[in-house]
Amino acid sequence: MLQLSIFLENAKGRLAQALSVLADLNVNIRALSLADTKDFGVLRLVVDDPERVAVLLKERSFVVKVTKVWFLQVEDRPGGLADVLDKLVERGVIVEYMYGFVEKAGELAQIVLRVRDQALMEDAVGELALGIPQG
């Protein structure tokens, strides 16, 4: 799965502006995370057709990067995420960052992960049947 990272200046209204542009482009955001530093923020998004959206944003002067991430399903219960991360650590997977959401309490949580070694993660996901099927 691909994710967009949009780099935004830490300025009043810049986040709202970016989200308004996405709305004008009729982009449905499936998941998001916002991290900031003193001078800029990184808005990470999972959207339909991320490569096309990246081109459209660049045409509108946004700095955008497309990166590979993993979508995992995790039991929505205390310890559910810890159990999955323990299994990944056992297989040598190093998580660089993650964010998640729950669509309906008590069902499966959706976790977006960026990892250091894609091959290790691919092996772990196949072995553990953790990935969300892509359709």
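User: What makes R77 and D83 a salt bridge?

Analyst: This is a predicted model, and the call rests on a distance. The closest N and O atoms of R77 and D83 are 2.4 Å apart. The cut-off is within 4 Å, between a side-chain nitrogen of Lys or Arg and a carboxyl oxygen of Asp or Glu. The pair meets that rule, so R77 and D83 form a salt bridge.

User: What makes R77 and E75 a salt bridge?

Analyst: The N to O distance is 3.1 Å. The limit is 4 Å, so the side chains of R77 and E75 count as a salt bridge.

User: Why is D83 called partly exposed?

Analyst: D83 has 33% relative accessibility. Buried means under 20%, and exposed means over 50%. The value for D83 lies in between, so D83 is partly exposed. R77, at 36%, is partly exposed by this rule. So is E75, at 47%.

User: How do you know that R91 and E127 form a salt bridge?

Analyst: Their side chains meet at 2.9 Å, N to O. That is within 4 Å, so R91 and E127 pass the test.

User: Why does the R91 and E127 pair tie together parts that are apart in sequence?

Analyst: R91 lies in the loop between α3 (80-90) and β6 (95-102). E127 lies in helix α4 (residues 118-128). The pair therefore ties together parts that are 36 residues apart in sequence.

User: Is E127 buried or exposed?

Analyst: E127 has 56% relative accessibility. That is over 50%, so E127 counts as exposed. R91 has 26%, which lies between 20% and 50%, so R91 is partly exposed.

User: Which residues do salt bridges with shared partners join into one network?

Analyst: They join E75, R77 and D83. R77 is bridged to E75 and to D83. The count for the model comes to 8 salt bridges.

User: What makes β2 and β3 a pair?

Analyst: Two strands pair if there are at least two bridges between them. Strand β2 and strand β3 (residues 40-47) have 7 bridges, so they pair, in the antiparallel sense.

User: Why are β2 and β4 called edge strands?

Analyst: The open sheet has 4 strands in the order β2-β3-β1-β4, with antiparallel pairing. Strands β2 (29-36) and β4 (63-68) each pair on one side only. Neighbouring strands of this sheet are turned by 25° against each other on average, direction ignored.

User: What does helix α2 touch on the sheet?

Analyst: Helix α2 (residues 50-59) packs on the sheet and touches β1 (2-9), β3 and β4. The direction of α2 makes about 20° with that of β1.

User: What makes L34 part of a nonpolar surface patch?

Analyst: L34 is found in strand β2. A patch residue needs over 30% relative accessible area. L34 has 47%, so L34 clears that limit. The patch is made by L15, L19 and L34, and covers about 220 Å².

User: Why is S61 called exposed?

Analyst: S61 has 62% relative accessibility, which is over 50%, so S61 counts as exposed. S61 lies in the loop between α2 and β4. Phi of S61 is near 70°, a positive value in a residue other than glycine.

Definitions and conventions: Residues are numbered from 1 along each chain as its sequence is written. This is a predicted model: local features need pLDDT of at least 70, side-chain atom pairs count only at pLDDT 80 or more; totals for chains, interfaces and linings use all residues. Side-chain values use heavy atoms; hydrogens and water are left out. Helices (H or I, at least four residues) and strands (E, at least two) are DSSP runs, numbered from the N terminus. Axes are lines fitted to C-alpha atoms, for helices over the stretch in contact, and angles run from 0 to 180 degrees between N-to-C directions. Contact means heavy atoms within 4.5 Å. Patches are made of residues with over 30% relative accessible area and no salt bridge: like charges are joined within 9 Å, nonpolar side chains (Val, Leu, Ile, Met, Phe, Trp, Tyr) within 5 Å. Accessible areas come from the Shrake-Rupley method with a 1.4 Å probe; for residues, only the protein chains shown count as cover. Buried means under 20% relative accessible area, exposed over 50%, partly exposed in between (1.4 Å probe, protein chains only).
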